[in-house]
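Subject: Structure for you to look at

Hello,

The structure we spoke about is below, with notes on what was found in it. Please read the notes with the model open beside them.

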Amino acid sequence: MTTTPASAITPSDTTPSDTTRSKTVLITGASSGIGRATALRLAREGHQVVLGARREDRLAEIAREIETAGGKADVHRLDVTDREDVVAFADAAVERHGRIDVVVNNAGVMPLSRLDALLTDEWDRMIDVNVRGLLHGIAAALPHFQEQGGGHFVTVASIGAHQVVPTAAVYCATKYAAWAVTEGLRLELDPSIRVTTVSPGVVESELADSISDPLARDAMRTYRADSIPPDAIADAISYAIAQPPGVDINELVIRPTRQR
Ligand SMILES: NC(=O)c1ccc[n+]([C@@H]2O[C@H](COP(=O)([O-])OP(=O)(O)OC[C@H]3O[C@@H](n4cnc5c(N)ncnc54)[C@H](OP(=O)(O)O)[C@@H]3O)[C@@H](O)[C@H]2O)c1
């Protein structure tokens with residue numbers, strides 16, 4: 001085992017400033033599930049959250065819940081498949097708060113089916129939301145991160161970024177892509193920009209509601225019998241963004257204990 005001598009650790013690597021500083025955190029897909037839980041959790045910790053998704057009524061309800069509890073939240077109608085929409089989301093946050101500290105690229109869809117069902121429109125939708133949506137989030141925030149000299153990208157990928165299962169080929173492909181893009185960011189960007197991939201296993205949410213294929217829907221009922229609450233993923237995101245500046249949590253995989 002190697003230990004770092006105390007003299008090699010600089011104060012900026014260890015100061016707990018990031019555990020206490022209030023940050024401006026943009027969250028896509030904040031209207032339900034993991035995004036909603038993350039918004040509530042981070043707002044409770046004193047961060048200013050900016051919630052994006054298509055269902056504005058849901059966002060407004062979550063913002064009210066946050067404000068009633070004494071927190072701060074903005075809402076922004078957002079379709080992540082529309083590049084201009086995502087740019088406007090990021091720019092509006094900078095205009096209002098002066099900077100963006102963290103972007104949680106979380107929006108995702110999972111209409112599973114076997115490839116031979118040829119539900120090609122659903123393949124396209126997964127690619128558009130899960131891959132293009134992520135790229136749009138990166139493209140919208142990166143210039144701000146570079147200008148302000150730092151920032152943090154959190155990608156919500158999936159256990160599907162690590163293994164392929166039948167009916168999930170295209171979904172897993174989008175999540176492998178999300179993993180690869182996020183790892184590419186880590187390698188290419190200046191170290192002032194931190195990068196975290198969070199890969200959940202089975203989490204209670206509305207995600208499986210988008211499955212139209214009857215075979216995949218039945219298979220998912222069994223697969224999703226053991227699940228963890230979205231708060232478990234919110235905790236992981238909170239942990240990653242609270243690290244001191246010299247620490248970058250690159251990858252977290254969070255499964256239900258019984259999931260194999
Ligand atoms: N639940 C799981 O078991 C699990 C496991 C691994 C990974 N994940 C990942 O976790 C992320 C969140 O999913 P979840 O489980 O919390 O499911 P969810 O409850 O269905 O939430 C998905 C979110 O994505 C948003 N969204 C979908 N299409 C969008 C679009 N075009 N533009 C903007 N927002 C859009 C939805 O909001 P609107 O419909 O209001 O736009 C919703 O807020 C996804 O990336 C998913 O792949 C989930």
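The largest nonpolar core has 63 residues. A nonpolar core here is a set of buried Ala, Val, Leu, Ile, Met, Phe, Trp, Tyr and Cys residues joined through C-beta atoms within 7 Å. A residue is buried if 20 or more other C-beta atoms lie within 10 Å of its own, exposed if 12 or fewer, and partly exposed in between, with C-beta atoms placed from the backbone. Leu26, Ala39, Val49, Leu51, Val104 and Ile237 have the most contacts inside this core. Helix 6, residues 120-148, gives the most to the core, with 7 residues. Helices (H or I, at least four residues) and strands (E, at least two) are DSSP runs, numbered from the N terminus.

Two points on the basis of these notes. This is a predicted model, in which local features need pLDDT of at least 70 and side-chain atom pairs count only at pLDDT 80 or more, while totals for chains, interfaces and linings use all residues. Residues are numbered from 1 along each chain as its sequence is written.

pLDDT is the predictor's confidence in each residue, from 0 to 100. The chain averages 92, and 92% of the residues score at least 70. Over residues 1-17 the pLDDT is below 50, and this stretch has 10 contacts in the model beyond near neighbours in sequence. Two residues are in contact if their C-beta atoms, placed from the backbone, lie within 7 Å.

Next, the ligand. It is surrounded by 31 residues, and the closest are Gly29, Gly33, Arg54, Gly108 and Ser205. A residue counts as near if its C-beta atom, placed from the backbone, lies within 6 Å of the molecule. Helix 3 (residues 33-44) supplies the largest share of this shell, 3 residues. By type, the shell has 15 nonpolar, 11 polar and 5 charged residues. Ala, Val, Leu, Ile, Met, Phe, Trp, Tyr, Cys and Pro count as nonpolar, Asp, Glu, Lys and Arg as charged, and the others, Gly among them, as polar.

An unreviewed UniProt entry lists residues 23-206 as "domain: Ketoreductase". In the model, this span is 48% helix and 19% strand, and its end C-alpha atoms lie 28 Å apart.

Leu112 is in the loop between strand 4 (102-105) and helix 6. Leu112 is buried because 29 other C-beta atoms lie within 10 Å. Among the residues that Leu112 touches are Thr167, Ala168 and Tyr171.

Thr167 itself lies in the loop between strand 5 (151-156) and helix 7 (169-188). With 21 C-beta neighbours inside 10 Å, Thr167 counts as buried. Its phi is near 80 degrees, a positive value in a residue other than glycine. Most residues other than glycine have a negative phi. Leu118 also has a positive phi, of about 50 degrees. Leu118 lies in the loop between strand 4 and helix 6, and counts as exposed because it has 10 C-beta neighbours inside 10 Å.

Where is Lys72 found? Lys72 is in strand 3 (residues 72-77), and is partly exposed, with 16 other C-beta atoms within 10 Å. Leaving aside neighbours within four places in sequence, Lys72 is in contact with Ala43 and Gln48.

Regards

Note on methods: UniProt positions are given in the numbering used here, feature names are shortened, and annotations may be inferred rather than shown by experiment.
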